[in-house]
Amino acid sequence: MLIDIITIFPDIFRPYFDESILKIAQNKNKLKIRLRDVRDYTLDAHRKVDDRPFGGGPGMVMAPEPIFRAVEKIRRRKKAKIILLSPQGKTLNQKLAQKLSHCRHLILICGRYEGVDERVREALADEEISIGDYVLTGGELAAMVLVDAVARLIPGVLGDEDSARLESYSENLLEYPQYTRPADFRGMRVPRILLSGNHKKIEEWRSKEALKTTRKKRPDLLK
Ligand code: SAM
């Protein structure tokens, strides 16, 4: 998968993308991330990316020209899905991450200030995605969350394919409780069944616990 990220702060991303699973995904050539500085696509000498809102009001709005030019340059050859990160978008969930993990090329547009000119939403973006009902300062964190959630679902990225399949939300259930050594920690014991070596019984226990946890914490998922 190729992911282009259009942003005014490309340097924000590297420390996160160069660690852990995302680093492995890139090293395995399962994922390529290109950071695109919106300022490189401006037409004026001052590399200005924003302007005052028509009609007045606080703050600045990201101008359409550099964003359109960036997308037009990037997608010249390939079909890409263009996503605008926005608090007004469809909320990202595991199902949407799974759908996006099948795309060959994503172009993510990160807004700043008061947001982006409406014409980017209307005439450029294929989809508008939010990471939750709150307002962030910019789309960069949202883009990182999206890339992380999607990249780990690309086949071959996680060492064990079952890790993604068995995780919370993958089958509308939350995950069963997990334990590691020691079996007895300050008097708190690991359920005996997990030490039994009986895989069928362990599987049954995990299914039951996943259902119990979901019913308790997120009953809405079971509807
Ligand atoms: N004035 C806008 C509004 O009220 O809807 C908020 C603009 S916000 C300060 C600046 C940028 O941050 C947005 O253009 C968007 O790219 C990003 N952003 C903020 N909250 C977000 C969220 N919950 N999910 C995704 N992106 C978000």
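# Exercises: ligand shell and salt bridges

A backbone N or O atom of leucine 136 lies 2.9 Å from a nitrogen atom of the ligand. The model is predicted: local features need pLDDT of at least 70, side-chain atom pairs count only at pLDDT 80 or more, and totals for chains, interfaces and linings use all residues. Residues are numbered from 1 along each chain as its sequence is written, and side-chain values use heavy atoms, with hydrogens and water left out.

**Exercise 1.** Find which polar backbone atoms lie at 2.6 Å from an oxygen atom of the ligand and at 2.9 Å from a nitrogen atom of the ligand.

Solution.
- Step 1. The oxygen atom of the ligand is 2.6 Å from a polar backbone atom of leucine 85.
- Step 2. A polar backbone atom of glutamate 114 is 2.9 Å from a nitrogen atom of the ligand.
- Step 3. As for cover, the ligand on its own has 580 Å² of accessible area (Shrake-Rupley method, 1.4 Å probe), and the protein covers 84% of that area.

**Exercise 2.** Describe the shell of residues around the ligand by residue class and by element.

Solution.
- Step 1. The ligand has 20 residues around it, where a residue counts as near if one of its heavy atoms lies within 4 Å.
- Step 2. By class, nine residues of the shell are nonpolar, nine polar and two charged. Here Ala, Val, Leu, Ile, Met, Phe, Trp, Tyr, Cys and Pro count as nonpolar, Asp, Glu, Lys and Arg as charged, and the others, Gly among them, as polar.
- Step 3. By element, β5 (81-91), β7 (127-130) and α6 (139-151) each supply at least two residues of the shell; helices (H or I, at least four residues) and strands (E, at least two) are DSSP runs, numbered from the N terminus.
- Step 4. β5 gives the largest share, four residues.

**Exercise 3.** Locate the two partners of the salt bridge between aspartate 4 and arginine 34, and state whether each is buried or partly exposed.

Solution.
- Step 1. A salt bridge is a side-chain nitrogen of Lys or Arg within 4 Å of a carboxyl oxygen of Asp or Glu; here the N to O distance is 2.9 Å.
- Step 2. Aspartate 4 is in strand β1 (residues 2-7) and arginine 34 in strand β2 (residues 32-37), 30 residues apart.
- Step 3. Aspartate 4, at 0% relative accessible area, is buried, while arginine 34, at 26%, is partly exposed. Buried means under 20%, exposed over 50%, and partly exposed in between (1.4 Å probe, protein chains only).
- Step 4. Asp4 and Arg34 are linked with Arg36 in a network of salt bridges.

Definitions and conventions: Polar contact = N/O pair within 3.5 Å; in protein donor to acceptor, adjacent residues only side chain to side chain.
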